[in-house]
Amino acid sequence: MTQLKELDISNNAIREIPRNIGELRNLVSLHAHNNQISYLPPSFLSLNDLRQLNLSGNNLTALPSAIYSLSSLKEIHFDDNPLQRPPMEVCKGKQMYTIIRYLQRADERD
């Protein structure tokens, strides 16, 4: 499984992404939309090859500040989540730079 490049766990009422997701070092595409995921485990930030991420339609309220470490990430979808940090208005443009900048400024304020 550690050689897995694409993973689609969408539409399964999943409440959490497994804590060891970071062991999938070759993962390029993760589709986990329309579940009940409320947070991303710390190991998620080890997915350095991740290019596509779809977490639309979940219960995410916050993104990890260190999401900037996923430098390969190009395509993101966070629509239909009750995001507060960053708010959905920031995520709607699907621009990583805007999201990262918001999180950095929020960290500076905190």
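Student: Which residues have the most contacts inside the largest nonpolar core, and why is such a set called a nonpolar core?

Tutor: In the largest nonpolar core, which has 30 residues, those with the most contacts are Phe44, Leu53, Leu55, Leu63 and Phe78. Two or more residues come from each of α1 (88–91) and α2 (96–109), and α2 gives the largest share, four residues. The name applies because a nonpolar core is a set of buried Ala, Val, Leu, Ile, Met, Phe, Trp, Tyr and Cys residues joined through side-chain atoms within 4.5 Å. In soluble globular proteins, nonpolar side chains tend to be buried together. This is a predicted model, in which local features need pLDDT of at least 70, side-chain atom pairs count only at pLDDT 80 or more, and totals for chains, interfaces and linings use all residues. Residues are numbered from 1 along each chain as its sequence is written, and side-chain values use heavy atoms, with hydrogens and water left out.

Student: What is leucine 53 in contact with, leaving aside its neighbours within four places in sequence?

Tutor: Leucine 53 is in contact with Leu30, Phe44, Leu73, Glu75, Ile76, His77 and Phe78, contact being heavy atoms within 4.5 Å. Across the chain, 21% of the contacts with a separation of 6 or more join residues 24 or more positions apart.

Student: How many helices and strands are there in the chain?

Tutor: There are two helices and four strands, in the order β-β-β-β-α-α from the N terminus. Both are DSSP runs numbered from the N terminus: helices are H or I with at least four residues, strands E with at least two.

Student: How do you know that the radius of gyration agrees with that of a compact globule?

Tutor: The chain has 13 Å, and a compact globule of 110 residues would have a value near 13 Å, so the two agree. The radius is taken over C-alpha atoms, and the globule rule is 2.2 Å times the number of residues to the power 0.38. Along the principal axes, the C-alpha atoms fill a box of roughly 40 × 25 × 20 Å.

Student: Is asparagine 11 buried or exposed, and what of alanine 13 and lysine 94?

Tutor: Buried means under 20% relative accessible area, exposed over 50%, and partly exposed in between (1.4 Å probe, protein chains only). Asparagine 11, at 52%, is therefore exposed, while alanine 13, at 47%, is partly exposed, as is lysine 94 at 29%. Asparagine 11 lies in the loop between β1 and β2; beyond its neighbours within four places in sequence, asparagine 11 is in contact with His33, Asn34 and Asn35. Of the 110 residues in the chain, 41% are buried.
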